[in-house]
Amino acid sequence: MATVHFDGVTHQYPGAPSLAVDNLELDIADGEFIVLVGPSGCGKSTSLRMLAGLESVEQGRILIGGKDVTGLPPRARDVAMVFQSYALYPNMTVAENMGFALRNMGMSKSDTKVRVLEAAKMLELEPLLERKPAKLSGGQRQRVAMGRAIVRRPQVFCMDEPLSNLDAKLRVSTRSQIAALQKRLGTTTVYVTHDQVEAMTMGHRVAVLLDGKLQQIAAPRELYDNPLNTFVAGFIGSPGMNLLEAPVEDGRAVLNDLRIPVPNNSSRSRVIVGIRPESWEVTTDPDNSLAVDAELLEELGAESFVYSHPITAEWSSRSGKVVARVDRHFQIALGDRLRLRPKLNEIFFFDADTEQRLR
């Protein structure tokens, strides 16, 4: 086990107009499970591949356990990689796949067998050790890939979207298995995903990236409760936060009949108001509430979400919609006009120019 430190790390692909990773500063504690999350092209997989030695570092340093590994080849870093594609050898059995790296390192057959059996027991793969990958399901193949990494007992696990090829139900069960396994092993783990739900349910901390830059790193609850900017606010949460850009008059954000006091508003003419779907209340009172027209009711069993659109040009929604969580028994028809009122202690404010959170 070891700490990991990205010290001003930068990478740019040949011919690319911009940096894939831009001056990344990130400290990962010994035994921590950290998740890198963001949209496609944000630099999360590139950061992971630089840690594993699969991509070059143009500027900065990467340290593992306090040792500068920036110029070392992958096999000298004591890092185990789990890929999205599983990358199993089709001509080898499960046991042979899991023990292949150990045999290449010169470990004896008996010691290799002990390690493979230990990992197989952990991953419930014991009945499958003599099968070949073609005879395994997607979830089983992923566990074999995990086992191949575990038997090496590395300082750091690097996992690059390992669940993206699994169906939705299997992803849910497998991610809980991975989180439990990491807790049991205590190995420092860097996990990459584009799925913010996956990130929030697995990581001790979550690092949010955009355009190669680290936007915020915090525990999942802290990210949700205290986003630093509009990107983090809109990306974390499902559905994402409503980001409503509105004019400011007499110290209040004006959203039709709804007027919300703005903090530190002395010089602002516009502001972005952030309201999560669960922070709306449906009301019949027209006083100080927001009128919207319903376009879609999304039934999810335990809860429902109403998607509506603004009915004035004076203010706008970043997503083009206003989303509100409602009681699952709520009856609504398309085109119905609703009145929504936010819970005042659950409203966020962002600068309309910098998109940074206002305190």
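The legends below describe close-up views of a predicted model. Local features are taken where pLDDT is at least 70 and side-chain atom pairs where pLDDT is 80 or more, whereas totals for chains, interfaces and linings use all residues. Residues are numbered from 1 along each chain as its sequence is written, and side-chain values use heavy atoms, with hydrogens and water left out.

View A. Helix H3 covers residues 109–122, where helices (H or I, at least four residues) and strands (E, at least two) are DSSP runs numbered from the N terminus. Thr112, Arg115, Val116, Ala119, Ala120 and Met122 are the buried residues of H3, buried meaning under 20% relative accessible area, exposed over 50%, and partly exposed in between (1.4 Å probe, protein chains only). Seen down the axis of H3, these buried residues fall within an arc of 155°, so they line one face of the helix; the arc is that of the directions from the helix axis to the C-beta atoms. They pack against helix H2 (94–104), helix H4 (138–150) and helix H5 (168–185), contact meaning heavy atoms within 4.5 Å. On the face of H3 turned away from its buried side are the exposed residues Lys113, Val114 and Lys121, and H3 is followed by Glu124, which has a positive phi near 55°.

**View B. The salt bridge between Arg171 and Asp195.** A salt bridge is a side-chain nitrogen of Lys or Arg within 4 Å of a carboxyl oxygen of Asp or Glu, and by this rule the count comes to 18. In the pair shown, the side chains of Arg171 and Asp195 meet at 3.5 Å, N to O. This pair links distant parts of the chain, with Arg171 in helix H5 and Asp195, 24 residues apart from it, in the loop between strand S8 (188–193) and helix H6 (196–202). Arg171 is buried, with a relative accessible area of 14%.

**View C. The salt bridge between Asp351 and Arg268.** The closest N and O atoms of Asp351 and Arg268 are 3.3 Å apart. Asp351 lies in strand S21 (residues 347–351) and Arg268 in the loop between strand S13 (258–261) and strand S14 (270–275), so the pair ties together parts that are 83 residues apart in sequence. Asp351 counts as buried at 14% relative accessibility, whereas Arg268 counts as partly exposed at 23%. Salt bridges that share partners also join Glu245, Arg270, Arg318 and Glu355 into one network.

**View D. The surroundings of Glu303.** Glu303 lies in the loop between strand S16 (290–299) and strand S17 (304–309), and at 28% relative accessibility this residue counts as partly exposed. Leaving aside residues up to four places away in sequence, Glu303 touches Glu298, Arg325, Val326 and Arg328. The C-alpha atoms of Glu303 and Thr46, which are 257 residues apart along the chain, are separated by 37 Å.

Methods: The expected span of a helix is 1.5 Å times one less than its number of residues.
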